[in-house]
Amino acid sequence: MQIVCIGGGPAGLYFGLLMKKLHPEHSIKVVERNRPYDTFGWGVVFSDATMVSMREWDPESAAEIEDAFNHWDDIEIWFKGTRQRTSGHGFVGIGRKKLLNILQKRCEALGVELIFETDVTSDLDFPDADLIIGSDGLNSRIRNHYPEVFQPDMITRPNRYIWLGTNKLFDAFTFDFRKSEHGWFQAHIYKFDDKTSTFIVETTEEAYLAHGLDKMDQDGSIAFCENLFSEVLDGAALMTNARHIRGSAWLNFNRLICGKWSHFNGNSHVVLMGDAAHTAHFAIGSGTKLAIDDAIELTRQFQIHGHSKDNIPAVLEAYEEIRRVDVARIQNAARNAMEWFEVVGRRYADTLEPEQFMYSMLTRSQRISHENLRLRDKTWLEGYERWFARKSGLAVGNDRCLPPMFTPYQLRDVTLVNRIVVSPMAMYSAENGVMNDFHIIHLGSRALGGAGLVFAEMTCVTPDARITPGCLGLWNEEQAAQWRRLVEFVHTNSAAKVGIQLGHAGRKGATKVAWEGIDQPVAKGEWPLISASAVPYLKNSQVPKAMDRADMDRVKADFIHATKLAITTGADWLELHCAHGYLLSSFLSPLTNLREDEYGGSHENRARYPLEIFRAMRAIWPEDKPMSVRLSCHDWTDGGNTPEDAAIFAGMFKDAGADLIDCSSGQVSKEEKPVYGRLFQTPFSDKIRNEIGIPTIAVGAISEADHANSIIAAGRADLCAVARPHLADPAWSLHEAAKIGLTSIAWPKQYLSGKVQYETNLARAAAAAPAK
């Protein structure tokens, strides 16, 4: 085949040398705009997994690269006058110029033709090529020539950064956070050869402009950074190798995702690699890794399908299918890390203590979890667990202490034995709103299973407030009596507390129970619906009446009456449901609130009625007991509420006396397009907790102790609500404790023999597992 790689970065060079090595008959050219052995940039970071692959595919270049590597295990953070260090992280760094020089030399040895100082403007310049690799970087002319084909989605991120170097050598991957008069700056620092360290300085656009950095030349910016980071530099100077850039060398990161990676231009197959196809923020150092992995996978597919031009279409299809999954995983982690640094000042640096700030930073990408930290540096993690336990009010010795999810949590005068919540989950099993033996056994067993707080499903304040005929209610004494049975059972037989979540279905009412057709209108016996506006939930749903003031007064009285009944049950916690498109949520979302009066339009207007209900309930709910609010923190629909809107509403409820925000999302519109994934709703809790300054519950795809410990330890939430795992396992909390080797958690005395056997079986299984 005739192969042309446009762009002499890691992707093009490594693909060229691999293909020439494996099939010398190929004619391969790498065309680069710069001069021979002339490259820009400081150091790059590699992963151990990428090096394993490189040793497999080309041991010769891998050996030379490893000889030039600088390896370090430690991460050190300078923050608020402290220096904290943890080990076991295993990074390797190399100078970008050194890496490319090694790859260039290897290409020449194998017979790859390197063409320098040639500026390619189009793939059509090579009509005889069978395969053209567009490896010409972020501003790829090859990609930009076919925007309708490659469908590039590029977003310019808000932070500014400048890529510098220094001759001071650092023995750890070092992060230095400094607060100036206009905001926070952070430096990402790592050694990449025996003389030089990379020194990237990052800040917000606001701080960048406030300091006039946009008007400074490079020397001015360097002087500013040397002064700001003088302590960590300890007299060393900063350097730039970007003199080819005029004016300020501060940049914005561009996140790139392409809808398609390959194209046939009529003569040649064109495929994108590296930064031309996708970018990953430097916060996790994976740009070079992705480029190398692209080259390896494309080569692997030629090995599988055959090295002939007839096989190119099948090769490119398989390449893109496989790489897209891994790239998405890395980009998601990079996005998490990038967003952490973008908001680090207002969300974390100003609010968290140094110990928790470090934990938050270490787990920022969500690729490193609580137990993964234990594997990396057990001593550091156990020290942090002791710090967290002391902050939670526990007396702590030198032995292993309770991990974060099992520490107590106090709100007002209610103390939860741990931070796990049984999330409200609709059971659709009530008759006339009355709780029955099923509910007592269902909820009682979860309390016996070790959760700190047990919520029943949304409990409706009147018959016409129900979602389905099978929903719980709290509008009469018969219902309250059954609630008292539940509360008495839980309090007598477990350490758990009981929560009641009051709500009104609004336009989502009068539907069938889930297993008969979720959200579908009941076939008979429907009741009239009300909402903020006359907007039905489904096309075949009943059109609700837009509430007038008389309706509002009636519903407000219903919530007050239900709250008074809730007080008689002895429940420990009350929550107001303002999420998921139900009545009060319909006022908050612009998708469902089309009103033009004082209850529609602005945030203040849309929140006016939900806040009116909340204040009336809080006024009579016991002062010593907590009251929370459940919010949909993202409508996942164009024109709907975003996390920024949710934060505004959370602040309003906080000012009205809410103790905690229960952070959910979605279910407001059937047009929603949620982005699911592990812990996918935790960022909403993180934002509200640390920007608004109110405790939160995190919900959504939390399925194991490692998840809950990571969330709580990092300060992304105070409590974790677990739903479906609790349906599958009533004793989820007790079992998760045993799985992480925590045998000190008490089980009900009736179940003690089962505890011993369960823990013994886990120990046997661990001992029998093959070593990794």
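**Exercise 1. Identify the surroundings of Thr592 and classify the residue as buried or exposed.**

*Solution.* Leaving aside residues up to four places away in sequence, Thr592 is in contact with Arg507, Ala532, Ser533, Ser585, Ser586 and Val668. The model is a predicted one. The cut-off for a buried residue is under 20% relative accessible area. Because its relative accessibility is 1%, Thr592 counts as buried.

**Exercise 2. Locate Ile65, classify it as buried or exposed, and state which residues it touches.**

*Solution.* Ile65 is part of helix α3, which covers residues 59-68. Its relative accessible area is 0%, so Ile65 is buried. Not counting residues up to four places away in sequence, the contacts of Ile65 are Met51, Met54, Ile94, Leu99, Ile102 and Leu103.

**Exercise 3. State the bounds of the domains and the separation of their centres.**

*Solution.* The domain assignment places domain 1 at 2-340 and domain 2 at 404-743. Taken over C-alpha atoms, the centres of domain 1 and domain 2 are 45 Å apart. An unreviewed UniProt entry lists residues 405-733 as "domain: NADH:flavin oxidoreductase/NADH oxidase N-terminal". In the model, that span is 36% helix and 15% strand, and its end C-alpha atoms are separated by 9 Å.

**Exercise 4. Describe how α1 packs with α4, and then how α16 packs with α17.**

*Solution.* Two quantities describe a pair of packed helices: the angle between the axes and the distance between them.

1. For α1 (residues 10-22) and α4 (residues 96-110), the axes come within 9 Å and cross at roughly 25 degrees. Angles under 35 degrees count as roughly parallel, and α1 and α4 are therefore roughly parallel to each other. The crossing of α1 past α4 is left-handed. From α1, the residues at the contact are Pro10, Leu13, Tyr14, Leu17, Lys20 and Lys21; their partners in α4 include Leu99, Leu103 and Leu110.
2. For α16 (residues 437-448) and α17 (residues 477-493), the packing angle is about 25 degrees and the axes are 10 Å apart. This pair is therefore roughly parallel as well, but α16 and α17 cross in a right-handed sense. The α16 side of the contact includes Ile440, Leu443 and Ala447, and the α17 side includes Leu486, Phe489 and Val490.

**Exercise 5. Explain why helix α26 is described as largely enclosed, and name what packs against its buried residues.**

*Solution.* Helix α26 spans residues 732-739; seven of its eight residues are buried, so the rest of the structure largely encloses it. The buried residues are Trp732, Ser733, Leu734, His735, Glu736, Ala737 and Ala738. They pack against β20 (420-422), α16, α24 (705-713), β30 (719-722), α25 (724-728) and α27 (752-768). After α26 comes Gly741, with a positive phi near 80 degrees.

**Exercise 6. List the buried residues of helix α23, the elements that cover them and the glycine that follows.**

*Solution.* In α23 (residues 682-692), the buried residues are Thr682, Phe684, Ser685, Asp686, Lys687, Ile688 and Asn690. Their cover includes α12 (344-349), α22 (643-656), β28 (660-664), β29 (696-698) and α24. Gly693 follows α23 and has a positive phi, near 80 degrees.

Conventions: Residues are numbered from 1 along each chain as its sequence is written. This is a predicted model: local features need pLDDT of at least 70, side-chain atom pairs count only at pLDDT 80 or more; totals for chains, interfaces and linings use all residues. Side-chain values use heavy atoms; hydrogens and water are left out. UniProt positions are given in the numbering used here, feature names are shortened, and annotations may be inferred rather than shown by experiment. Helices (H or I, at least four residues) and strands (E, at least two) are DSSP runs, numbered from the N terminus. Domain bounds come from an automatic or database domain assignment. Buried means under 20% relative accessible area, exposed over 50%, partly exposed in between (1.4 Å probe, protein chains only). Contact means heavy atoms within 4.5 Å. Axes are lines fitted to C-alpha atoms, for helices over the stretch in contact, and angles run from 0 to 180 degrees between N-to-C directions. Angles under 35 degrees count as roughly parallel, over 145 as roughly antiparallel, 65 to 115 as roughly perpendicular and the rest as oblique. A crossing is left-handed if the near helix is turned anticlockwise from the far one by less than a right angle, and right-handed if clockwise.
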